Amino acid sequence: MRHLLRPFYRRFWNDRRRRARTLLRFAEVEADGGRDLVRAAEVTRDPTLRRLFLIHAIDEQRHAELFRNRGLDLMRGLPAGGGAEGRADWLAPGERGLDDVRVEQERDASLLAFLHLSEKAAARDFANYVGILEGDPPTREVFEKVLHDESFHMNYTHAQLVRVAPGDHRRLIWLARLRRLWGVYLRFASVLAGVIGAVVLTLQYFILLPPFALMARRAQRKEPQGWTAIAPDRNGALGRQY
């Protein structure tokens with residue numbers, strides 16, 4: 001599927017403005033993931049995981065700076081204005097981070113399984129971008145640097161998962177994969193609900209509103225023209241507020 005979509009990926013990344021905005025979005029996700037990993041290091045009781053989570057958080061912060069600096073560099077070379085095109089995140093997925101996980105409520109094993117899948121998906125996507133961005137060496141270099149760290153993150157999370165849950169790590173990975181699929185479904189459902197809501201409101205506007213507009217126009221024709229005389233008993237002095 002990724003090979004079939006490669007022309008669309010290439011077209012997406014060839015747009016300089018879209019490329020800059022996508023890199024800035026990647027920076028936000030990386031920074032947010034770094035904060036979640038610091039929190040994970042605070043709540044875990046495993047000293048090895050605490051050290052690795054902190055190293056991972058430092059890497060995420062460095063990635064955020066790399067993406068942000070490159071995105072701002074691309075923005076500076078753009079003319080003012082420009083259309084607000086759709087984001088089309090499905091054409092440029094980045095690291096998923098811990099957006100679908102509450103760190104405080106996770107066990108070390110389940111958190112490691114989710115992180116492993118996230119880093120694996122990010123490494124696959126970033127490797128794809130490296131192959132597409134031959135026309136932009138600085139951006140390609142950024143992804144190469146990040147990809148090197150993502151490979152380490154993918155490997156250490158799997159190794160630590162096997163250490164923490166030696167007989168249960170495969171099941172935990174499958175459960176994490178199902179949770180990620182459920183998150184994808186919820187995001188798709190929310191977008192679909194927005195589209196359906198827009199269609200229904202549009203139909204209501206064109207189907208239900210015209211009869212009321214016609215009724216209001218007919219009532220307006222029955223109204224007398226000009227000033228309307230007021231009965232004398234209504235012109236007396238005000239003796240009360242109402």
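Guide: Let us begin with charged side chains. A search of the whole structure finds 13 salt bridges. Keep in mind that this is a predicted model.

Visitor: What counts as a salt bridge here?

Guide: The term applies when a side-chain nitrogen of Lys or Arg is within 4 Å of a carboxyl oxygen of Asp or Glu. In this structure, Asp136 and Arg70 form such a pair, at 2.9 Å from N to O. The pair links distant parts of the chain, since Asp136 is in the loop between α4 (108–132) and α5 (137–164), while Arg70 is in helix α3 (residues 47–76). The two are 66 residues apart.

Visitor: Are Asp136 and Arg70 buried or exposed?

Guide: Buried means under 20% relative accessible area. Asp136 has 7% relative accessibility, so Asp136 counts as buried. Arg70 is also buried, because its relative accessible area is 15%.

Visitor: Which salt bridge joins residues of one helix, about one helical turn apart?

Guide: Arg140 and Glu144 are an example: their side chains meet in a salt bridge of 3.7 Å, N to O. Both are in helix α5, and because they are 4 residues apart, about one helical turn separates them. Arg140 is partly exposed, with a relative accessible area of 30%. Glu144 is partly exposed too, at 40%.

Visitor: Which residues are joined into a network by salt bridges that share partners?

Guide: Arg19, Arg70 and Asp136 are joined into one network in that way.

Visitor: With which residue does Asp15 form a salt bridge?

Guide: The partner of Asp15 is Arg18, and their closest N and O atoms are 4.0 Å apart. Asp15 is partly exposed, its relative accessible area being 30%.

Visitor: Now the overall layout. How many helices and strands are there in the chain?

Guide: The chain has 7 helices and 0 strands. Read from the N terminus, the order of elements is α-α-α-α-α-α-α.

Visitor: How much of the chain is buried?

Guide: Of the 242 residues in the chain, 37% are buried.

Visitor: Show me a single residue. What does Leu24 touch beyond four places in sequence?

Guide: Leu24, in helix α2 (residues 16–43), touches Arg68, Gly71, Leu72 and Met75 when residues up to four places away are not counted. Leu24 is partly exposed, with a relative accessible area of 22%.

Visitor: And where is Ala57 placed?

Guide: Ala57 is in helix α3. At a relative accessible area of 7%, Ala57 is buried. Leaving aside neighbours within four places in sequence, Ala57 is in contact with Gly34, Leu37 and Val38. The C-alpha atoms of Ala57 and Val38 are separated by 6.1 Å, although the two residues are 19 apart along the chain.

Visitor: Which residues form the positive patch?

Guide: Arg217, Arg218, Arg221 and Lys222 form the positive surface patch. One of them, Arg221, is in helix α7 (residues 209–222). Exposed means over 50%, so Arg221, at 64% relative accessibility, counts as exposed.

Note on methods: Residues numbered from 1 in each chain as written. Predicted model: local features only at pLDDT ≥ 70, side-chain atom pairs only at ≥ 80, totals over all residues. Heavy atoms only, no water. Patch = residues over 30% accessible without salt bridge, like charges linked within 9 Å, V, L, I, M, F, W, Y side chains within 5 Å. Areas by Shrake-Rupley, 256 points an atom, 1.4 Å probe, with all protein chains shown as cover. Lys, Arg positive; Asp, Glu negative; His and termini not counted. Charge placed at Lys NZ, Arg CZ, Asp CG, Glu CD. Buried < 20%, exposed > 50% of the residue type's maximum accessible area, 1.4 Å probe, protein only. Contact = heavy atoms within 4.5 Å.
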